[in-house]
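Q: Please take a close look at the pockets of this protein and at the aromatic contacts. I would like one connected account.

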Amino acid sequence: MPEMPEMENYRKLLSNEIIDVPVTGVTVNREKSVNVPVEQFTAALKGARVIYVERRGKFLVFHLHNGGRLLLHLMLGGLLYYGHVDEPRPSRSTQVEITFGEHVLYFIGLRLGYLHLLSARETDEVLKDLGPELMDRRMSRERFVGILRKRRGSLKSTLVNQHVIAGIGNCYADEIAFDAGIHPASKLQNLSDEELGQLYDSAIRVLTEAADGGGYMELPFRQGDTLTGAYNDECKVYDREGEPCVRCGTPIVRTELSGRKLFYCPQCQHEA
C-alpha cells in the first residue's frame, strides 16, 4: 500500500503537470471507485482546474478552482500513470481517467481505493481523525516523544496507526525501526525517551530519503520517469527475508505481528 513517501512523490510530480490545466475529459470505468453518479462526477470535473495538490497522510487532495475537492486513497494496489493522449495506454485496467489538455491521468487498481468528489467541509470531515504529520513544521522531537509516551503496545502497531501519526505503513515502520536499531515488536512503555527521540530522528531521515528517492511504487509515473519506485532497491529490511543485513550480515527475519508482516535484523535490533 502506498505510504507517505509514495504519495508525496506523486504530489510533487502532479503539481508540476496538472495545475491550472482545464479538465477536458473524464472516463469512469468502475462506478464503485467514485462516490456520486458517473454523470454528476463527469459534469463536475469537465472544465474544472486543479489549483493545488495536497497530501494528508496517505491521501491526496486535489483542490479544484470552484472550491470542490477530489479525495484520493490508493489503498492496496493503487497506482497513478500520466501519459500523452497519443501514447499507448497503461497495460493495466484503469478505473478512472481524467484528461488534462493533451495528457491523461490514469487511476489504476482502485479496487479497494477510491476517488471521491467532495466539498471542502466533507473532505475535512473524512480527514479529521488523522494524526499529525511527521513533516509538519509544528512537529518536533519533543512532541513526537510526548505522543508516543502516552501510548502502550508495540512500536510497529503504533507507527502504522493513522490516528497516532499519519502516513506510515508496514514498509516504513520496519525501515524506521531498523534505522533506529530497535525491534519493531518492542513495547513502547519499555522504551526510554532517548530511544523514542532516536525513532523520531530515524523516521525523519527514512521518510525524507524515501520521498526524495521516489518511494517503492512498481510503475513509473510517466514515460521516461526513472525516479518513481527507485527507493524499492534502498529498503534495508522490508521484503528482504533471508538477505544479509547491510550492517552485520545476519539474515533478515520475517515474522508476523497482529496479522502484519514484520521484517527485522535479529542481531542489530534489540527488543525492549
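A: What follows takes the pockets and then the aromatic rings. The model is a predicted one, and the values below are computed from it.

The largest pocket holds about 320 Å³ of space. Its lining is made up of 16 residues, and those nearest the centre of the pocket are M1, E3, N170, Y216 and Y238. Two elements of secondary structure, α6 (170-180) and β10 (260-264), each supply at least two residues of this lining. Sorted by class, the lining of the largest pocket contains seven nonpolar, three polar and six charged residues.

The second largest pocket holds about 150 Å³ of space, and its lining consists of M1, P2, G77, G78, L79, R92, Y216, M217 and E218. Here the classes come to five nonpolar, two polar and two charged residues.

Turning to the aromatic rings, the count of aromatic pairs comes to seven. One of them joins Y10 and F221 in a tilted arrangement, with 6.1 Å from centre to centre and 50° between the planes. This pair links distant parts of the chain, since Y10 belongs to helix α1 (residues 4-15) while F221 sits in the loop between α7 (193-212) and β9 (253-257), 211 residues apart. Y10 has a relative accessibility of 0% and therefore counts as buried, and F221, at 1% relative accessibility, counts as buried as well; the cut-off for that term is a relative accessible area under 20%.

Another pair, formed by Y172 and Y231, is likewise tilted, with 6.3 Å between the ring centres and 35° between the planes. Because Y172 lies in helix α6 and Y231 in the loop between α7 and β9, this pair ties together parts that are 59 residues apart in sequence. Y172 is buried, its relative accessible area being 0%, and Y231 also counts as buried, at 5% relative accessibility.

Note on methods:
Residues are numbered from 1 along each chain as its sequence is written. This is a predicted model: local features need pLDDT of at least 70, side-chain atom pairs count only at pLDDT 80 or more; totals for chains, interfaces and linings use all residues. Side-chain values use heavy atoms; hydrogens and water are left out. On a 1 Å grid over the protein atoms alone, a cavity is a set of points where a 1.4 Å probe fits but cannot get out, and a pocket is an open set with protein on both sides within 12 Å along at least five of seven lines; lining residues have an atom within 4 Å of a point. Grid points are joined across faces, edges and corners, and a volume is the space filled by probe spheres set on the points. Helices (H or I, at least four residues) and strands (E, at least two) are DSSP runs, numbered from the N terminus. Ala, Val, Leu, Ile, Met, Phe, Trp, Tyr, Cys and Pro count as nonpolar, Asp, Glu, Lys and Arg as charged, and the others, Gly among them, as polar. Rings of Phe, Tyr and Trp (its six-membered ring) pair if their centres lie within 6.5 Å; planes under 30 degrees apart count as stacked, over 60 as edge-to-face and the rest as tilted. Buried means under 20% relative accessible area, exposed over 50%, partly exposed in between (1.4 Å probe, protein chains only).
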